[in-house]
Amino acid sequence: MVEWTDFERETIQNIFAQMDYEEIGPAALSRCLVVYPWTQRYFGNFGNLYNAAAIKSNPLIAVHGKTILHGLDRAVKNMDDIKTAYKELSVLHSEKLHVDPDNFKLLADCLTIVLAAKLGSSFTPDIQAAFQKFMAVVVNSLGRQYH
Amino acid sequence: MLKKKEKALIKEIWDRLTPVAEDIGADALLRMFASYPGSKTYFSHVDIRPGSPHLLSHGKKIVLAIVEAAKDISQLTVTLAPLQTFHAYQLRIDPTNFKLFSHCILVTLACHMGEDFTPTAHAAMDKFLSAFAAVLAEKYR
């Protein structure tokens, strides 16, 4: 079981309470597709991903970015047992979507950077550490049912 | 592989950040210490609390080395030769830490530059820092 300090719990709840899902979700996913272009392999039928501008304005990517970000809500609400909360999602990503779990970390890193750009200096080192710890648990849980 | 446009962009960003090298460096170091406590083991002999003189001077030193390397990225191995030796034989920092520190530099840049830290700039910077780290570790074995 993961131990969370009060500061870490508060930090995670605050970040997601203030999050603009419409903006951050699409920004994180599209950034991932630009910075780590091999992740585009999972989006073959999403249309034009030819360059950064195309990716940024791609409506299917935007919708999917929002879906992914809302997928984190389950972890935010179940911080004391994210592993169980993500069991089905993990099976889905393994059995149906066939996503290499290494990609989860790439997306998590992009989300961190999008948040940093949005929050500026209020994304302090301690807040960053709490957020990265949370994302590491999510990433680990999503990869757990792979076999 | 870094394209010509990317090299120019990286050089431009680091030239612009040179006046605040100290702030960028210290911030990135603090972020690394907070997220990856193992990295603090290399600094057990110095004061690395926020605002400490050593943290500031060390952050500045690191960023200025990056600035220098960014001026001519095709000459990375030449520019970094002395630092390669220093890291391999004296400092012997485990190269995994280079990745962690690079990530924290990216976060610092994002905080500092906001939406100017575009996906394109981020991609170029990530590639540059990866290349920098790889060259830095070349003499390790």
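Predicted model: local features only at pLDDT ≥ 70, side-chain atom pairs only at ≥ 80, totals over all residues.
Residues are numbered from 1 along each chain as its sequence is written, chains are lettered from A and ligands numbered from 1 in the order in which they are written, and side-chain values use heavy atoms, with hydrogens and water left out.

**View 1. Chain A is built from nine helices and zero strands.**
Helices (H or I, at least four residues) and strands (E, at least two) are DSSP runs, numbered from the N terminus. Read from that end, chain A runs α-α-α-α-α-α-α-α-α. Its radius of gyration is 15 Å, close to the 15 Å that the globule rule gives for 147 residues, so chain A is as compact as a globular protein of that length. That radius is taken over C-alpha atoms, and the globule rule is 2.2 Å times the number of residues to the power 0.38. Along the principal axes, the C-alpha atoms of chain A fill a box of roughly 45 × 40 × 20 Å. Of the 147 residues, 49% count as buried; buried means under 20% relative accessible area, exposed over 50%, and partly exposed in between (1.4 Å probe, protein chains only). Among contacts in chain A with a separation of 6 or more, 74% join residues 24 or more positions apart, where contact means heavy atoms within 4.5 Å.

**View 2. Chain B has seven helices and zero strands.**
The order of elements from the N terminus is α-α-α-α-α-α-α. The radius of gyration of chain B is 14 Å, close to the 14 Å from the globule rule for 141 residues, so this chain is as compact as a globular protein of that length. Its C-alpha trace spans about 40 × 35 × 25 Å along the principal axes. Of the 141 residues of chain B, 47% count as buried. Contacts between residues at least 6 apart in sequence join residues at least 24 apart in 76% of cases.

Chain A exposes about 7,700 Å², with carbon and sulfur atoms supplying 55% of it. Chain A carries 14 positive and 16 negative charges, whose mean positions are 6 Å apart. Chain B has 17 positive and 14 negative side chains, and the centres of the two sets lie 5 Å apart. Lys and Arg count as positive and Asp and Glu as negative, with His and the chain ends not counted; each charge is placed at NZ of Lys, CZ of Arg, CG of Asp or CD of Glu.

**View 3. R31(B) touches residues of chain A and of chain B.**
Look for R31(B) in helix α2 (residues 21-35) of chain B. It counts as buried, because its relative accessibility is 2%. Its side chain makes a polar contact with the side chain of Q128(A), at 2.9 Å. A polar contact is a pair of N or O atoms within 3.5 Å; within protein, one must be able to donate a hydrogen and the other to accept it, and residues adjacent in sequence count only if both atoms are side-chain atoms. Not counting residues up to four places away in sequence, R31(B) touches F123(A), T124(A), P125(A), Q128(A), C104(B), V107(B), T108(B) and C111(B).

**View 4. M19(A) sits in the loop between α1 (6-18) and α2 (21-35) of chain A.**
This methionine is buried, with a relative accessible area of 8%. Leaving aside neighbours within four places in sequence, M19(A) is in contact with I24(A), L69(A) and L115(A). K118(A) is 99 residues from M19(A) in sequence and 9.9 Å from it in space, C-alpha to C-alpha.

**View 5. Q84(B) lies in helix α5 (residues 81-91) of chain B.**
Q84(B) counts as buried at 2% relative accessibility. A polar atom of its side chain lies 2.7 Å from the backbone oxygen of V135(B). Beyond neighbours within four places in sequence, the contacts of Q84(B) include L136(B) and K139(B).

**View 6. H98(A) has a positive phi of about 55° although it is not a glycine.**
Most residues other than glycine have a negative phi. H98(A) lies in the loop between α7 (87-96) and α8 (102-119) of chain A, and it is exposed, with a relative accessible area of 53%.

Technical notes:
Areas by Shrake-Rupley, 256 points an atom, 1.4 Å probe, with all protein chains shown as cover.
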